[in-house]
Amino acid sequence: MTNDHHLLEVDHLKTYFYTFEGVAKAVDDVSLFMDEGETLGLVGESGCGKSVTAQSIIRLIPEPPGKIVQGTINFDNTNLLELDLKQLRKFRGNRISMIFQEPMTSLNPVFTIGNQISEMFMLHKKLNKKESWERAIEALKAVQIPAPEKRINEYPHQLSGGMRQRVMIAMALSCDPEILIADEPTTALDVTIQAQIIDLMMHLKEDFNAAIMLITHDLGVIAEIAQRVIVMYAGKVVEEGKTKDIFEEPKHPYTKGLLQSVPKLGERSRKERKKLEEIKGIVPSLYELTAGCSFFPRCPEALPICREHIPKLTTIGEFHKVSCWLYSDL
Amino acid sequence: MTTYIIKRLIQGVIVLLAVSFICFLIFRSSGDPAISMAGQYATFQEIEEVRKVFGLDKPFYIQYARFITNAIKGNFGNSFVNKVPVLPLILERLPATVELAVSAIFIAFVLGVGLGVLVSLKPYALRNRFIMAGSLVNISMPTFLTGILLIMLFGVYLNILPPFGRGETVIVGFWRTGFLTLSGVTHLILPAFTLGMYQLAVLLRLTRAGMREVLTEDYIKTAWSKGLSPMKVIFKHALRNALIPVVTMTGLQFGELIAFSFVTELIFQWPGSGNLLLTSIYEQDQPVIVTYIMLAALIILSINILVDILYAILNPKIRYD
Ligand SMILES: Nc1ncnc2c1ncn2[C@@H]1O[C@H](COP(=O)(O)OP(=O)(O)OP(=O)(O)O)[C@@H](O)[C@H]1O
Ligand code: SF4
Ligand SMILES: [Mg+2]
C-alpha cells in the first residue's frame with residue numbers, strides 16, 4: 001500500500017464556524033488520505049471535529065455559519081472544493097456516500113423507503129421508476145432485510161432503528177461508491193444491533209470494495225476492522241498510523257489516555273467497551289483555545305514548551321505520525 | 001384509513017348536532033316565534049293558532065326533534081321579512097361567496113407557500129426581509145382597510161380593475177358562476193385579494209418557519225448527500241414535510257374565510273350570502289341567520305374532514321396508526 005497516489009487526499013483543510021460566540025475552528029489544518037478499499041478509523045472525543053471533517057469532504061457544511069476556509073480535497077484528480085454544485089452532485093451519493101449517526105431522523109418520514117432508495121438509481125444510473133424499484137428491492141436484500149418486497153413500501157417510522165440503519169446503508173451503497181463515510185453509524189443503536197451493523201458493513205465492504213471512513217467512539221470496533229487510525233483532538237490530527245502501531249505503541253499522551261481503558265487488539269468484548277469520555281479534564285471549547293498544544297491543560301506529560309508553541313505533525317515511522325513535543329524538536 | 005375517515009364523519013355529525021342545538025336555542029330565545037310568524041298585528045287568537053299549527057305548544061324536546069327533521073329535509077322555514085323559504089334564498093347567493101372564498105384561499109395558498117419557500121432559503125436577504133415586514137403589516141391590517149386601499153389603488157387611481165360588483169355571470173346547472181367570463185374574473189381579483197391577504201401573510205410565515213426548521217433536519221442532509229438537485233431537496237424532501245401544518249391551517253382558514261367574507265362582500269358590494277346575513281341581522285330575520293349558521297357549520301365541518309384526510313395522506317404516521 002505504498003502508492004503515493006491516493007484515492008482521496010485531504011490537504012490542510014480548515015473548516016470554521018462563525019457564530020455569536022466567536023469563530024470555532026472545528027477543523028484546523030487537517031490532512032488525511034484514503035486508499036482504495038481500505039478502512040480508515042477516525043476517533044476522538046465528542047466535538048473534536050470528526051463529523052465536520054467528514055461532511056467537509058462532500059461539502060455538507062451548513063453555510064452560514066460554517067465555511068471551508070482553506071484546503072484541497074482531491075478525489076480522482078479533482079479538487080472537490082473547486083466544483084460547482086452541479087459537478088459536485090455527480091460525486092455525492094454516487095462515488096462518495098455517507099451514513100449518519102441518527103437512523104431515526106436520517107430518513108425522510110413522509111416517503112417510503114422504496115421511494116428514497118430508488119431515487120438514487122433514477123438520479124445516478126438514469127434508470128426508470130420500475131427498474132429503480134427493482135434495484136431498490138435488491139439493495140434491501142443485500143443488507144439482509146427480511147421480506148424486502150413488503151418492507152420497500154413501508155415508511156421509516158414502521159422500522160426499528162437497526163432496520164433503518166440498514167436502509168441507510170443500502171441507500172449509501174446503492175450506486176457502488178468508492179468511498180463510504182460512516183459517521184458513528186452504530187452509536188444510536190443498542191449493543192447487539194451495533195455488532196450486527198458493523199458485521200454487515202464489513203461483509204458488504206468485501207462485495208462492494210468500497211473504502212470506508214469509520215467515525216466512532218468505539219475503539220474496540222476500530223481495533224477489529226480498521227487498517228489505519230486517525231486520532232483527532234480539538235480540530236487537529238494529533239496522531240495517525242496503522243491500527244497495530246496505534247494500539248500497540250501509542251505515542252501521543254491523548255491517544256495513550258484513550259487506549260487505557262480499552263481491550264487489547266482483537267479482543268472485542270462487549271462488557272468492557274468504554275466510551276472515550278474517561279480521560280481527566282474536559283474537552284477545551286473551540287472558542288478559547290490556548291496558544292500552545294491544545295491538550296496541554298490535560299496532559300500528564302506536558303513540557304514547558306507545550307504551553308507556548310503548537311507542536312507539528314511529525315513522521316516517526318512508516319505511516320506513523322504524531323503531533324507532540326515529546327517526539328519533535330523546535 | 002377507512003376507520004379514520006368514519007371516525008371523523010361521526011365526530012362531524014356530533015358537532016353538527018351541537019351547532020343545531022345552539023341554533024335552536026338562539027331561535028327560541030330571541031322572542032316568541034309565534035308572534036314573529038303571525039305578524040305584529042295579529043290577534044291573540046291568531047297567534048295561538050300559529051302556535052298550534054307549528055307545534056310551538058309542544059314540549060321543548062319535541063320541538064327540537066321537529067327542527068332537526070325539518071332541517072335534514074332542507075326545510076328551514078320562511079324568512080320573516082321576505083316570506084319565502086330560507087334555504088333557496090341563501091343557496092342562491094352561496095355560489096358568489098364560495099367562489100370568492102375559493103379564489104381567496106387559492107391566492108393565499110399559492111402565493112403564501114411560494115413566497116414562504118423563497119424567503120426561507122435566504123432569510124437574511126434584503127428582499128426577503130421586506131417580504132417578511134410586508135407580511136407583518138398585512139397581518140395587522142384590518143380587512144376593510146386592505147379592501148379600501150386596494151380599491152383606491154387599482155380601482156380608482158390606476159383604474160385597471162373594477163372596484164365593485166360581481167360582473168357578468170353564467171349559470172351552470174344550479175350554480176351561478178363568475179369564473180367563466182372575463183368580466184367575472186376581473187371583478188373577482190380585488191375582493192379575492194382583500195379576503196385572502198391576511199391568510200396569505202399567515203401561510204407565508206407558517207411556510208417560512210416550517211421550511212427553516214425542516215431544512216436543518218437530518219434527512220435533508222441525507223438528501224443533499226445523495227446528490228439530489230436543489231429542486232428535489234427543497235420541493236420534494238423539505239416542502240412535503242413543511243406543508244403538513246400549512247395544509248391544516250389552510251383548511252381551517254377556508255371555513256373562516258366563508259364565515260367572515262361578509263366584510264369583504266360589504267366593501268365590494270358582492271352579491272354573496274355574507275351580505276344577506278348582514279341584512280338579516282339588521283332586520284332580525286332569525287330563520288335566515290340560523291340557517292346561515294347551520295350551513296356555514298356544515299361547510300366548515302366538511303372542509304375540516306377533507307383536511308384531516310389530506311393530512312393523513314401527507315403524513316404517513318397518522319395514516320398507519
Ligand atoms: N452548525 C454548527 N454551528 C456552529 N458550530 C458548529 C456547528 N457544527 C459543528 N460546530 C462546531 O464544530 C465542532 C466539531 O463538531 P463535530 O460535529 O465535528 O464533532 P464530532 O467530533 O463529530 O463530535 P461527536 O462525537 O459528538 O459527533 C463542535 O464542537 C462545534 O463547536
Ligand atoms: S505537546 Fe506537550 S502538552 Fe501536547 S500532548 Fe505533547 S506533551 Fe502533552
Ligand atoms: Mg459527530
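Let's start at B:Thr146, which, neighbours within four places in sequence aside, is in contact with B:Met141, B:Thr194 and B:Met197. This residue belongs to helix α7 of chain B, the run covering residues 143-157. Is B:Thr146 buried or exposed? With a relative accessible area of 5%, B:Thr146 is buried, because the cut-off for that label is under 20%. Keep in mind as you look around that this is a predicted model.

Now move along chain B to helix α9, residues 218-225. Here B:Tyr219, B:Ile220, B:Thr222, B:Ala223 and B:Ser225 are buried. What covers them comes from both chains: the cover includes α8 (182-214) and α10 (230-259) of chain B, along with β6 (96-99), α3 (103-106) and α7 (161-173) of chain A. Just past the end of α9(B), have a look at the backbone of B:Gly227, where phi is positive, at about 95°.

That brings us to the place where the chains meet. Chain A brings 29 residues to the contact and chain B brings 22. Between them the two chains bury about 2300 Å², with 60% of this area on carbon and sulfur atoms. On the chain B side, B:Lys221, B:Ser225 and B:Lys226 supply 26% of the area buried against chain A, more than any other three residues. B:Ser225 is also one of the buried residues of α9(B).

Finally, turn to ligand 2, whose space is the largest cavity. Around this ligand are 13 residues, and those that come nearest are A:Cys293, A:Cys299, A:Cys306, A:Cys324 and A:Trp325.

Notes:
Residues numbered from 1 in each chain as written. Chains lettered and ligands numbered in written order. Predicted model: local features only at pLDDT ≥ 70, side-chain atom pairs only at ≥ 80, totals over all residues. Heavy atoms only, no water. Buried < 20%, exposed > 50% of the residue type's maximum accessible area, 1.4 Å probe, protein only. Helix = DSSP H or I, 4+ residues; strand = E, 2+ residues; numbered from the N terminus. Contact = heavy atoms within 4.5 Å. Near = heavy atom within 4 Å. 1 Å grid on protein atoms, 1.4 Å probe; cavity = no way out; pocket = protein on both sides within 12 Å on 5 of 7 lines; lining within 4 Å. Sits in = over half its atoms within 2 Å of the grid points. Buried area = accessible area lost by both parts, 1.4 Å probe.
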